[in-house]
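Please open the structure in your viewer and keep the selection tool at hand. The tour moves from one selection to the next and says what is found at each stop.

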Amino acid sequence: MVHDIKILAVDDSPTMRRIIINTLRRAGYNDIKEATDGKDALAKMKIDNYDFIITDWNMPEMDGLTFVHTLRATEEYKTLPILMVTTRSVKDDIVQALKAGVNNYIVKPFTPDTLKQKIEQILAD
């Protein structure tokens, strides 16, 4: 099944971006762009529109939590679906991310099925 949404994958690790993109392509998501951190993502979002954001938390320049706060403070991105994919697994971190406005949260490492299920769950809401 091919999904017709544009996704922005935000992670400072090229390897992790490649894993996410390959997983998404196998799941039928083909329109995927990359950003290296929140600052890079915001610059790309000024040029192009995205339907879904997948972001890491720990990144240089602008971390994922600041990126999410920035998006949610902007009327245009108040309802944009955001999935955080991070190594931060402490309950307080998850709560902090949810309070910042992420729609869901995945702790690395993750399985392709987990990523696919979380995206489908967010899109169904």
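Predicted model: local features only at pLDDT ≥ 70, side-chain atom pairs only at ≥ 80, totals over all residues.

Begin by selecting residues 14-26, which form helix H1, together with residues 112-124, which form helix H5; the two pack at an angle of about 70°, and their axes are 10 Å apart. Angles from 65 to 115 degrees count as roughly perpendicular, and H1 and H5 are therefore described as roughly perpendicular to each other. As you turn the view, note that the crossing in which H1 passes H5 is right-handed. Now show the side chains where the helices meet: Ile20, Thr23 and Leu24 belong to H1, while Pro112, Leu115 and Ile119 belong to H5. Sorted by class, this contact of H1 with H5 has 5 nonpolar residues and 1 polar residue, with no charged residues.

Next, select helix H2, residues 38-47, and helix H3, residues 64-72, which pack with their axes 9 Å apart and at an angle of about 30°. That angle makes H2 roughly parallel to H3. On the H2 side the contact is made by Gly38, Ala41, Leu42 and Met45, and on the H3 side by Phe67, Thr70 and Leu71. The contact of H2 with H3 counts 5 nonpolar and 2 polar residues, and no charged ones.

Finally, turn to the rings. Select lysine 6 and tyrosine 50, where the charged end of the lysine sits over the tyrosine ring, 5.8 Å from its centre. Then select arginine 88 and tryptophan 57: the arginine lies over the face of the tryptophan, at 4.1 Å from the ring centre. How many aromatic pairs does the structure hold? The number is 0.

Key
Residues numbered from 1 in each chain as written. Heavy atoms only, no water. Axes fitted to C-alpha atoms, helices over the stretch in contact; angles between N-to-C directions. Helix = DSSP H or I, 4+ residues; strand = E, 2+ residues; numbered from the N terminus. Parallel < 35°, antiparallel > 145°, perpendicular 65-115°, else oblique. Left-handed = near helix turned anticlockwise from the far one by under 90°. Contact = heavy atoms within 4.5 Å. Nonpolar A, V, L, I, M, F, W, Y, C, P; charged D, E, K, R; others polar. Phe/Tyr/Trp six-rings, centres within 6.5 Å; stacked < 30°, edge-to-face > 60°. Lys NZ or Arg CZ within 6 Å of the ring centre and 35° of its normal.
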